[in-house]
Amino acid sequence: VGTVGNNSKVKTLLETFPSMKAEQIVVRTTSEDFQEQLSAALKSIGKKGFDVVLDAILGGFFQPGYRAMNAGGRYIVYGAASMTPHKDSLGIRGWLKLGYQWLTRPKVDPLNLPSDNKSVMGFNLIHCLNDAENLIQLLEEVEAMGLPPPLVGSVYEFKDIVSALRTFQSGKTVGKVVIQTS
């Protein structure tokens with residue numbers, strides 16, 4: 001099952017992964033509908049839950065994903081796009097909204113994890129830079145997998161990095177946003 005932020009990305013996902021069915025792709029609408037959307041996608045492949053959830057959005061989408069995990073499942077957070085400001089200047093309303101999002105962010109009670117038999121983990125690739133030897137080994141392993149190259153959706157010169165960031169934050173990109181440094 002895969003999730004995307006808008007319908008324009010479904011075609012690309014189906015072309016990239018021909019074994020997927022359209023029913024397996026969830027186009028996120030609202031966090032209130034997300035649980036039902038995940039259940040329908042799982043049903044389409046004959047599964048009751050997820051073994052692994054990768055979450056770069058967080059916010060209101062966390063709890064539905066967590067609830068949809070099987071016992072023994074692993075929930076990996078590698079971003080929090082729902083809390084990323086989309087303007088150059090937040091202003092007082094923006095700061096209040098960010099504060100509210102911080103105070104109401106998803107929380108997991110560690111005492112419930114053993115009875116739920118689930119794990120929540122965080123991942124930040126930047127920490128790999130502190131261990132270059134291990135990073136090189138990991139990159140070699142990924143390369144050995146023979147994966148197709150990632151789809152590049154747009155390329156920006158370094159001087160246009162603000163425009164690139166706005167494009168990325170729009171949620172309307174299909175493929176990677178690449179910054180050229182030379």
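Just after helix α2, G46 adopts a positive phi of about 70°. The model described here is predicted.

Helix α2 itself covers residues 31-44, 14 residues in total. From its first C-alpha to its last, α2 reaches 20 Å, close to the 20 Å expected at 1.5 Å a residue.

The buried residues of α2 are F34, Q37, L38, A41 and L42. Viewed down the helix axis, the buried residues of α2 fall within an arc of 130°, so they line one face of the helix. The face turned away from this buried side carries E32, E36 and K43, which are exposed.

Q35 lies in helix α2. Is Q35 buried, partly exposed or exposed? Q35 has a relative accessible area of 22% and is therefore partly exposed, since buried means under 20% and exposed over 50%.

Leaving aside neighbours within four places in sequence, Q35 is in contact with Q63, P64, R67 and A68. For one of these, P64, the separation from Q35 is 29 residues in sequence, while the two lie 4.8 Å apart in space, C-alpha to C-alpha.

Definitions and conventions
Residues numbered from 1 in each chain as written. Predicted model: local features only at pLDDT ≥ 70, side-chain atom pairs only at ≥ 80, totals over all residues. Heavy atoms only, no water. Helix = DSSP H or I, 4+ residues; strand = E, 2+ residues; numbered from the N terminus. Expected span 1.5 Å × (residues − 1). Buried < 20%, exposed > 50% of the residue type's maximum accessible area, 1.4 Å probe, protein only. Arc of directions from axis to C-beta. Contact = heavy atoms within 4.5 Å.
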